[in-house]
Amino acid sequence: MTGPAWFSVIALVQSKGGVGKSSLSRSLAGHWFAIGHKPALIDADPEGRLIKRYNPEGPLGGVPVLAEPEERVADVIDELRGRHWPVIVDTAGFRNRTTISALVAADLALIPLKPAADDVDGAVDTYNLVQEINATPERRGRPLQAAMIVTMTLRGTVIARHVRTQLESAGYPLLRAEMPHRVAYPETGIDGLSPSTVDPDGAAAHDIAAIVHELMNLEMHESMKSEIHEQRRASA
Ligand SMILES: Nc1ncnc2c1ncn2[C@@H]1O[C@H](COP(=O)(O)OP(=O)(O)OP(=O)(O)O)[C@@H](O)[C@H]1O
Ligand SMILES: [Mg+2]
């Protein structure tokens, strides 16, 4: 069972820390595992938040977590690509060379942000970093795609809507699905688990399913479509 052909490596990145990267990484992996895929997690954060809580004997033991907080992360991504789908890379909460290496090797950059001004700034900086990477010879014709996602939203607050309008009107790619503020995330995280593993019918598992649904239906980047079209034409 595989997902969309155009992405197999998702990097969770944000230059602002504490936005939910590790929780979302593990939750996405937990969802894909629960529905029969073979995800793998790479912990590219020197803090090692995923690897510290990984329990090979537990219900998420079948989702391998590999720690690679240095620039060799691209090699680890290459090793896992093909054997696992998707490969999800959790990065540090600040910009470092490992994050850049992970981005260069990824297909999709998922940029979480809480509804707060500093998070918006961090998300925009991170989006700009993706565009810088796309301008390098390594990524020409094979652009890394980016999507922002709002996390830890509280119902009935105006700020989340404000942030959404601000980013959308400026033309940034923002998922419609959100990762709301729910205790299920920190609670399941204690044992390195995810909502879809612990309570598949719960609200948090439904949030993650909606995020995955939207990711699976993201359109391939236009320039990549034309590249593939050119390749097909050339080989015809
Ligand atoms: N949707 C959520 N609802 C409630 N709490 C959350 C949610 N997502 C994450 N948290 C909690 O917020 C804190 C930060 O989340 P997390 O560690 O996933 O962020 P991070 O971006 O990986 O942080 P860092 O930059 O430090 O690596 C954690 O205590 C986590 O349990
Ligand atoms: Mg983290």
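Guide: Helices (H or I, at least four residues) and strands (E, at least two) are DSSP runs, numbered from the N terminus. The model is predicted: local features need pLDDT of at least 70, side-chain atom pairs count only at pLDDT 80 or more, and totals for chains, interfaces and linings use all residues. Residues are numbered from 1 along each chain as its sequence is written, while chains are lettered from A and ligands numbered from 1 in the order in which they are written.

A residue is buried if 20 or more other C-beta atoms, placed from the backbone, lie within 10 Å of its own. In H5 the buried residues are Asp 119, Val 120, Gly 122, Ala 123, Thr 126, Leu 129, Val 130 and Asn 134. An α-helix has 3.6 residues a turn, so residues three or four places apart point the same way.

The cover over the buried residues of H5 includes helices H4 (97-105) and H6 (158-169), together with strands E5 (108-113) and E6 (145-153). Contact here requires C-beta atoms, placed from the backbone, within 7 Å. Val130 is one of the residues touched by Ala109, and the others are Ala11, Val13, Leu103, Leu144 and Ala146, not counting residues up to four places away in sequence.

Ala109 is also among the residues with the most contacts inside the largest nonpolar core, which has 58 residues. Such a core is a set of buried Ala, Val, Leu, Ile, Met, Phe, Trp, Tyr and Cys residues joined through C-beta atoms within 7 Å. Helix H9 (residues 203-216) gives the most to this core, with 6 residues.

How values were computed
Buried ≥ 20, exposed ≤ 12 C-beta atoms within 10 Å, placed from the backbone. Contact = placed C-beta atoms within 7 Å.
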